[in-house]
2 protein chains.
Amino acid sequence: MALKHTLLAFLARQSLSGYEIAKEFEEGFGSCFWKASQQQIYAELAKLEQQGEISYEAIPQLGRLDKKIYSLTPQGQQHLVDWLQRPTEPTVIREDLGVMGLAGHLIPPQAVVRELGRRRALHAEKLRQMQTLTTTLPMGSPESKDLYMHLILRRAIRYQEDWVAWCDEALQAIAQHG
Amino acid sequence: MALKHTLLAFLARQSLSGYEIAKEFEEGFGSCFWKASQQQIYAELAKLEQQGEISYEAIPQLGRLDKKIYSLTPQGQQHLVDWLQRPTEPTVIREDLGVMGLAGHLIPPQAVVRELGRRRALHAEKLRQMQTLTTTLPMGSPESKDLYMHLILRRAIRYQEDWVAWCDEALQAIAQHG
DNA sequence: TATTTGTATTCAAAAAATTGAATACAAGTA
DNA sequence: TACTTGTATTCAATTTTTTGAATACAAATA
């Protein structure tokens, strides 16, 4: 799995608590290329800590449970660097809408059109979110760190744009057909 | 999960054996929107059969194990139709290359460039495969069945095209950056 | 004839992800 | 003050996926 490596990569940029990482995955930069639930993240952090890849500093909170700020250990950094130099795998595609394409003839065309419209709106909204995220990124610095972030966000933006464009294409094809 | 529904959708088009479905998922039309291993498919077919969603006819093979040709039962078809009318979820993205973008500054830029080149080639090859698949699809019939198949394949083609284009964009940005 | 490739299915263990919570308290809103 | 939202972590059961096989034989190739 690579949730492990994704967490290491996050912590390579800055030290964070489980909660902060989970938020990143939910709304922030992480949301454009990795999905993981809060529980998954907490479980994995605990495991990585146990394996000595990361360590934490417990920050006492006023009257509540300690906040654990995790950072990479040298061992964790080494593992991350090793992993980064290995070839990547494209994300696994499991697309419900493809299944609809296989058996869509079993339901009324309006149902298909409705779903395409829904998906179009969904991807357009996601696109908007990604564009907003872009504005929060540090700009124009000569650091490759920032360049890479921009490229990944570009990837996410293109992806959503492509979905919107395809939905339009599909909707038009169905309109012309029927 | 929706491997279940994907299998039902395949069997709604034609009756197939586990082996034939697995081949579809590996190389054929299925490969553009759903990933599943052979074992997963056999296990799921057995489960669906046990639940009465599909049934099989055992075809005795010369000297080898029977081939099981599965078909949808009316119950299975009903479940599929119900499922098809529910809103779809976009595929879950877990993209290793995004992780590289997060922590790519920890490795030499050449390593990043090499990986982008590798991925470009990989997606270009996949694109070629998808384009070949297009030629095997029935064309121009007025059946919505065929229209939908074309649209899904279009989605898969656009996806790979977009990857190739982004790799080029990223490679260029890195080259300009120095 | 020996080896590889293709057809066809099954088993089992381990890893990972999902689902659905519970706990605890602060701060802001109605 | 009651309610909701946000911060922060943890537990447990179940479902899904992945990994790595074993079995069996036909047909094609070397």
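This is a predicted model: local features need pLDDT of at least 70, side-chain atom pairs count only at pLDDT 80 or more; totals for chains, interfaces and linings use all residues.
## Ground rules

Local features need pLDDT of at least 70 and side-chain atom pairs pLDDT 80 or more, while totals for chains, interfaces and linings use all residues. Residues are numbered from 1 along each chain, chains are lettered from A and ligands numbered from 1 in the order written, and side-chain values use heavy atoms, without hydrogens or water.

Helices (H or I, at least four residues) and strands (E, at least two) are DSSP runs, numbered from the N terminus. Buried means under 20% relative accessible area, exposed means over 50%, and partly exposed lies in between (1.4 Å probe, protein chains only).

Start with helix H1 of chain B, residues 3-13. Eight of its 11 residues are buried, so H1(B) is largely enclosed by the rest of the structure. Among them are B:Leu3, B:His5, B:Thr6 and B:Phe10.

Helix H3 of chain B covers residues 38-50. Its expected span is 1.5 Å times one less than its number of residues. For 13 residues that gives 18 Å, and the end C-alpha atoms are 18 Å apart, which agrees. In H3(B), B:Ile41, B:Glu44, B:Leu45 and B:Leu48 are buried. They cover an arc of only 105° around the axis, which puts them on the same side of H3(B). The arc is taken from the directions from the helix axis to the C-beta atoms. An α-helix has 3.6 residues a turn, so residues three or four places apart point the same way. The face turned away from the buried side carries the exposed residues B:Gln39 and B:Gln50. Just after H3(B), B:Gly52 takes a positive phi of about 80°.

## Aromatic rings

The structure holds nine aromatic pairs over all chains. Rings of Phe, Tyr and Trp (its six-membered ring) pair if their centres lie within 6.5 Å; planes under 30 degrees apart count as stacked, over 60 as edge-to-face and the rest as tilted. One of the pairs is A:Phe10 with A:Phe25, which is tilted: 5.2 Å centre to centre, with 35° between the planes. A:Phe10 sits in helix H1 (residues 3-13) of chain A and A:Phe25 in helix H2 (residues 18-26) of chain A, 15 residues apart. Both A:Phe10 and A:Phe25 are buried.

B:Tyr56 and B:Tyr70 have ring centres 5.5 Å apart and planes at 65°, so this pair is edge-to-face. B:Tyr56 belongs to strand S2 (residues 54-61) of chain B, and B:Tyr70 to strand S3 (residues 64-72) of chain B. B:Tyr56 is partly exposed at 36% relative accessible area, but B:Tyr70 is buried at 6%.

Charges also sit over rings (NZ of Lys or CZ of Arg within 6 Å of the ring centre and within 35 degrees of the ring normal). B:Arg119 lies over the face of B:Trp163, 4.5 Å from the ring centre. B:Arg155 lies over the face of A:Trp163, at 4.5 Å from the ring centre.

## Where the chains meet

Contact means heavy atoms within 4.5 Å. By this rule, 75 residues of chain A are in contact with 75 residues of chain B. The two chains bury about 7,100 Å² between them, 64% of it on carbon and sulfur atoms. Buried area is the accessible area (1.4 Å probe) that two parts lose on being put together, summed over both.

Which three residues supply more of chain A's buried area than any other three? They are A:Arg94, A:Leu102 and A:Tyr148, with 11% of the area that chain A buries against chain B. A:Leu102 lies in helix H5 (residues 96-103) of chain A. Its relative accessible area is 0%. A:Leu102 touches residues including B:Thr6, B:Phe10 and B:Met149.
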